[in-house]
Amino acid sequence: MSPDRLRGTTDLPVLLPAAGALAARARTERRIGGPVLRLRAWHGAALALLTVGWTGAVWAQDAATVAERSSALRALWEWLPVLLGGFVFNVAISFMAMGIGTATGTLLGLLQISELRVLRGASWLVTQFFRNAPWLVLLFYCMFLLPFEFTVLGVTIPFPDWVKAVIGLALPVMANVSEIVRGAVQSIPSGQWEAAHSLAFTRRQILWQIILPQCVKRMLPPWMNLYAILTMATVLASVVGVGEVMTLTQRALAAESRPEFLVPFYGFVMLLFFAYCYPIARVTQKLELRYAVKH
Amino acid sequence: MPSSTEAASAAWTPDQPIVAIRDVHKSFGPIEVLKGVTFDVMKGDVICIIGASGSGKSTLLRCINALVPIDRGSIRVEGREVNDPHLDQLALRRTVGMVFQQFNLFPHKSALENIMMAPVQVLKQNREEVRARAHRLLAKVGLKEKADAYPGELSGGQQQRVAIARSLAMNPDVMLFDEVTSALDPETVNEVLLTIRELAEEGMTCMLVTHEMGFAREVADHMYFTDKGIIVEHGPPKDFFANPRDERTKAFLGQIL
């Protein structure tokens, strides 16, 4: 396949109308190293329908049989503060993991374009290792390999499970941010480097004053995409016993011991995540469109 | 050979060639682009290098400010040896300005900021003084009113003139022009050529790689024709265009003119 074809100029008539859009999408996906999150409004509508519909069905059944037992809707209402509290915890975990992952990932990404072969190789290896490891496995590693407390200079710092979960989730985020940074830097035309070199800028000046400022725009959409994915992955922490929304939902269901509540409860959890991630996905799409225009 | 570039630089006097190119060889992988190029440029000279695509013209320019390292031979700019592992690249590049075919303005900075960046950050000059000079340079290239425009809002010719002003802001002793009008719309070529001609008339040492034969004939003190990595023929433009001696020059000029 010719490089031109890859860039989206095609002579195949059937592909012509979509070629531009496909090429733009392919570019984004190459840069972020995976498909882009494409949440649509109807995803939310379907979820809401499922939750409400099933709740209604359960309620109708209740009315017909055991009227004294609480309806699914009322149960959901009673558990709402607990579940929302859990969800806020998920969001908090996502913030912290994203913060740590972005800081370390940016550093790792810059090391990937270092002039020193050793640094370049090592950072590439680290990036690839964490990018291609299942998130849950990384989480387990952090859970069981990190101590529950650290003692530094006589001061004991406790290391609760949720902190380990934050670190476990930050690792794949770091690797993905590293690739986003590397990809963005390499997507800047080489003429920018040449021009800057010819003006006697140092490599460091070029990177910080000329290349990276141009990268921020390009990095924002894939970075937000990664954040949305991370937020949805925070429920993985339930597997290792962190009291986030998934764990709490399981507890609520166990307390209610009504199997028919399963669908509305989990449906509600999905709705929460949809309500949080959908706006992010929309803004990301808008930014992608805006920045797709050549500078 | 002097032990340090400073010594070499100090030894240079303006009566010597400002750029002295000796038997320069350069290969990219298996392809040898420069196969022994030798010539001198005196201060204030305007020289034009012409030749078919891939004949090594642009590479030669890039070797002069060490954007591309040379494999063999010697290039001295004001006595500073480019092919020296201890070369102070930044010092060399402060004396050599370069303008590119694709302009390569920094898209996130306005025209004025593009011009101010290098003097402020590289030469650490006073920001306000640089600003005043940048405004003067913009006026000089005829873009006084475009100070706050971003490169994306300027035409090709305007961008190229800002790029020239950006290079001039470093007060270089030599200017390299690499096919600076090749990416321009025909109607904007002239404004750029006019700017270069003014520079040449002010006594700036200019080395141009160009396909604008009419322009070369008018401004050049000396013409060089390259083919397959060597200089085939050179001479003052009058002779060069009127009586080319080498068959390859004849064939090339025949195609172009």
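The axes of helix 7 (residues 161-187) and helix 9 (residues 203-233) of chain A come within 8 Å and cross at roughly 145 degrees. Axes here are lines fitted to C-alpha atoms, for helices over the stretch in contact, with angles running from 0 to 180 degrees between N-to-C directions. This is a predicted model, in which local features need pLDDT of at least 70 and side-chain atom pairs count only at pLDDT 80 or more, while totals for chains, interfaces and linings use all residues. Residues are numbered from 1 along each chain as its sequence is written, chains are lettered from A and ligands numbered from 1 in the order in which they are written, and side-chain values use heavy atoms, with hydrogens and water left out.

**Chain A**

Helix 7 of chain A passes helix 9 of chain A in a right-handed crossing (left-handed if the near helix is turned anticlockwise from the far one by less than a right angle, right-handed if clockwise). Among the residues of helix 7 that meet helix 9 are A:Leu169, A:Val173, A:Val177 and A:Ile180; the residues of helix 9 that they face include A:Leu207, A:Met219, A:Trp223 and A:Leu230. Contact means heavy atoms within 4.5 Å.

The secondary structure of chain A comes to 11 helices and 2 strands, in the order α-α-α-α-α-α-β-β-α-α-α-α-α along the sequence. Helices (H or I, at least four residues) and strands (E, at least two) are DSSP runs, numbered from the N terminus. Of the 295 residues of chain A, 45% count as buried, where buried means under 20% relative accessible area, exposed over 50%, and partly exposed in between (1.4 Å probe, protein chains only).

A:Gly101 is found in helix 4 (residues 72-112) of chain A. Leaving out residues up to four places away in sequence, A:Gly101 touches A:Thr106, A:Ala170, A:Val173, A:Met174 and A:Val177.

**Helix 5 of chain B**

Helix 5 (residues 127-140) of chain B has 14 residues and reaches 20 Å from its first C-alpha to its last, close to the 20 Å expected at 1.5 Å a residue (1.5 Å times one less than the number of residues). Its buried residues are B:Val130, B:Arg133, B:Ala134, B:Leu137 and B:Leu138.

At the start of helix 5, a side-chain oxygen of B:Asn126 reaches to within 2.8 Å of the backbone nitrogen of B:Glu128. Just after the helix, B:Gly142 takes a positive phi of about 80 degrees.

| Residue | Relative accessibility |
|---|---|
| A:Gly101 | 0% |
| B:Thr249 | 0% |
| B:Asn104 | 11% |

B:Thr249 lies in helix 10 (residues 247-256) of chain B. Its side chain makes a polar contact with the side chain of B:Glu233 (2.7 Å). A polar contact is a pair of N or O atoms within 3.5 Å; within protein, one must be able to donate a hydrogen and the other to accept it, and residues adjacent in sequence count only if both atoms are side-chain atoms.

B:Asn104 sits in the loop between strand 6 (96-99) and helix 4 of chain B. A polar atom of its side chain lies 3.2 Å from the backbone oxygen of A:Gly191.
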